[in-house]
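Hi,

Here is the structure I promised to send over.

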Amino acid sequence: MSGFNTRAIHAGQEPDPATGAVNVPVHLSTTFKQDGVGGLRGGYEYSRSGNPTRTALQEALAALEQGAVGLTFASGLAAEDTLLRTVCLPGSHVVLAGDAYGGTFRLLSKVFARWGVTHTPVDLGDLDAVRAAVVPETRVVWCETPTNPLLNIADIAGLASVAHDAGALLVVDNTFASPYLQQPLTLGADVVVHSTTKYLGGHSDVVGGALVVADAGLAEELAFHQNAMGAVNGAFDAWLTLRGVKTLGVRMDRHCANAAAVAEFLQRHDAVSAVLYPGLPDHPGHDLAVKQMSGFGGMVSFRLAAGEEVALKVCERAQLFTLAESLGGVESLIEHPGRMTHASAAGSPLEVPGDLVRLSVGIEDADDLLADLEQALA
Ligand SMILES: *Cc1c(COP(=O)(O)O)cnc(C)c1O
């Protein structure tokens, strides 16, 4: 297999056979001419069922995650919804990270609960706790690593063996790491989930989601549901995401370098009581991250010694770090998870500390980022 960056630029992206176009065209046509009834060209008949621009993105993502099949969706949550409706039935049970993405928790607790699918949040860092949370009805162990916004690290290979012993699938939300830093299918996971809105798209200009699987049978069931439920991404969205994917490797290298510089700076600052970044040697998940990741990512969270009011002030005083939700784009963002991305978890087991600030460290010049944090913390 060719190297990661070569796959990012070429997998699924052969020059167009009809015109030689080097970049995959944006196929906006909703329907495709048939050469006689049922005589489909390349399998295309209608763009919900299949679209050549979407196919290119799906093949690229499958190649990057070293999976058999990739499927892309209108958003990360559309991908999650399609996956859960494919593998769960009323009465099924899901074990998920105690600090899972707020939207995943909301989908399970507010939507799937109404259809009789139950869930148990656990600390995925404790494999015995996961083993204890599994019941005969457990269909899915849902892992996120690193987690959002606490940057905890879970042992993907260990969780795969617990899930498989229980007859369940291990699903890994790989949004934070991206396939450049971590490839969960190679560690035993069954399904990788992405919000391609984040690092894969990389420019904060397109919402999307993806599933990548190793098993062809599961892929077929998911593809059936993708078409039957219809939450596909449009051709232009697929094209924009593919354009982002081409530069994933170089962007992630810079995200990682800048995040390391930011984490070290924050660790030395008096106003900061804790820095959560798996690249720091004193992070509890550091050794595991070294083992299963090839870099530590661009997300850094930290806590303010003086509490929530100061955390809010820091978010508002930052200039270069834009006060906004989301993550994974070239531009640096700052946010207060308790009041913003994780507000829906208030009062639940997934509530986050009020003194916490989350940074999505972009690829600007590191000195400018540190200067902005310096003035915001002053
Ligand atoms: C953003 C995000 C999602 C949801 O994806 P959308 O594209 O916003 O629907 C899921 N998981 C993680 C870790 C995320 O950051």
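**What I found**

Leu151 sits in the loop between β4 and α6 (helices, H or I of at least four residues, and strands, E of at least two, are DSSP runs numbered from the N terminus). Before going on: this is a predicted model, where local features need pLDDT of at least 70 and side-chain atom pairs count only at pLDDT 80 or more, while totals for chains, interfaces and linings use all residues. Residues are numbered from 1 along each chain as its sequence is written, and side-chain values use heavy atoms, with hydrogens and water left out.

Leu151 has a positive phi of about 60° despite not being a glycine, and at 2% relative accessibility it counts as buried (under 20% relative accessible area; exposed is over 50%, partly exposed in between, with a 1.4 Å probe and protein chains only).

Another positive phi in a residue other than glycine is at Ser178, near 70°. Ser178 belongs to helix α7 (residues 178-181) and is buried, at 0% relative accessibility.

Now the ligand. There are 13 residues around it, and Gly76, Asp173, Ser195, Thr197 and Lys198 come nearest (a residue is near if one of its heavy atoms lies within 4 Å). As for polar contacts (here, pairs of N or O atoms within 3.5 Å), a ligand nitrogen is 2.6 Å from a side-chain N or O atom of Asp173. A ligand oxygen is 2.8 Å from a polar side-chain atom of Thr197, and an oxygen of the ligand is 2.9 Å from a polar backbone atom of Gly76. The protein covers 92% of the 380 Å² of accessible area that the ligand has on its own (Shrake-Rupley, 1.4 Å probe; for residues, only the protein chains shown count as cover). Helix α3 (residues 76-87) gives the most to the shell, with three residues.

Overall, the protein has 13 helices and twelve strands. Its C-alpha trace spans about 75 × 50 × 35 Å along the principal axes, and buried residues make up 54% of the 378.

Cheers

Definitions and conventions. Polar contact = N/O pair within 3.5 Å; in protein donor to acceptor, adjacent residues only side chain to side chain.
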